[in-house]
Amino acid sequence: MAEGAATEDYPQEIDEQLTTFDSSVNAVKTMLEKLMSMSRNDLMQKLDPLEQAKLDLMSVYTLNSLFWMYLVTKGINPREHGIKQELERIRTYMNRVKEITDKKKAARLDKGAASRFLRNALFDPDDKELKKAAPKKPADAPSEAPQRKRPKQS
C-alpha cells in the first residue's frame, strides 16, 4: 500500500492484510477480465459437458463468494443471509461433479483378466503331472461300465 498519509487512515497492524487483500482483488480482476474477453458460446463449444458443468459451477460459486465479501464490507452478516444456503447448494453440485469425475478415473474390472489371474493363481502343478503320467485310452478300447445300484429290497 502507499506509504505516508494513507497509512494514517487505518491501523498499521492491518497493513499486511490489506496489501494481501489488494493483490488478491487484482488477481480476481485479471482473471475475470480474461474470462469476460472470450465469447461464452465459443468457450462452451470447446468443452465437453462435464467441463461445461465445472465452468458453470466455478463461475456461480465465484460470483456468490464475491457477493459474500460485498455483504461483509457493508456490515451485513452473510451467515444470516440467503447467500449461505446458495453457496451450500452450489457446493453439493460441485461434490456431485467431483464424484462423477472420480468414477471416470476409477479402475475398472476386466473380467477376462481377473478370471485368468484366478485360474493361474489356483493352478496346481501336481495335477498337471498326474494328467501327463496317466496313459491315454485308445478310442476303440472298451470303457468301464458304470456300476448299477442294487434295487432296494422291501
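Q: Is Tyr70 buried, exposed or partly exposed, and what is its relative accessible area?
A: In this predicted model, Tyr70 is partly exposed, with a relative accessible area of 44%. Phe67 is likewise partly exposed, its relative accessible area being 33%.

Q: How many aromatic pairs does a search of the whole structure find?
A: A pair of aromatic rings is described by the distance of the centres and the angle of the planes. Here the search finds 1 aromatic pair, formed by Phe67 and Tyr70, whose centres are 6.0 Å apart with 25 degrees between the planes, and this pair is stacked. The two residues are 3 apart in helix α3 (residues 49–73), so about one helical turn separates them.

Q: Which residues line the second largest pocket?
A: Rolling a probe the size of a water molecule over the atoms shows where empty space is left. The second largest pocket holds about 190 Å³ of space, and its lining includes Tyr70 together with Phe21, Val25, Leu66 and Met69, among others. The lining comprises 7 nonpolar residues, 2 polar and no charged, with α1 giving the most, 5 residues. Because domain 1 (16–45) and domain 2 (48–103) both give residues to this lining, the second largest pocket lies between them.

Q: What is the volume of the largest pocket, and which residues are closest to its centre?
A: The largest pocket has a volume of about 460 Å³, and of the 16 residues that line it, Met31, Leu32, Leu35, Met58 and Ser59 are the closest to the centre. Its lining divides into 11 nonpolar, 3 polar and 2 charged residues, and α1 gives the most, with 7 residues. The largest pocket lies between domain 1 (16–45) and domain 2 (48–103), because both give residues to its lining.

Key:
Residues are numbered from 1 along each chain as its sequence is written. This is a predicted model: local features need pLDDT of at least 70, side-chain atom pairs count only at pLDDT 80 or more; totals for chains, interfaces and linings use all residues. Side-chain values use heavy atoms; hydrogens and water are left out. Rings of Phe, Tyr and Trp (its six-membered ring) pair if their centres lie within 6.5 Å; planes under 30 degrees apart count as stacked, over 60 as edge-to-face and the rest as tilted. Helices (H or I, at least four residues) and strands (E, at least two) are DSSP runs, numbered from the N terminus. Buried means under 20% relative accessible area, exposed over 50%, partly exposed in between (1.4 Å probe, protein chains only). On a 1 Å grid over the protein atoms alone, a cavity is a set of points where a 1.4 Å probe fits but cannot get out, and a pocket is an open set with protein on both sides within 12 Å along at least five of seven lines; lining residues have an atom within 4 Å of a point. Grid points are joined across faces, edges and corners, and a volume is the space filled by probe spheres set on the points. Ala, Val, Leu, Ile, Met, Phe, Trp, Tyr, Cys and Pro count as nonpolar, Asp, Glu, Lys and Arg as charged, and the others, Gly among them, as polar. Domain bounds come from an automatic or database domain assignment.
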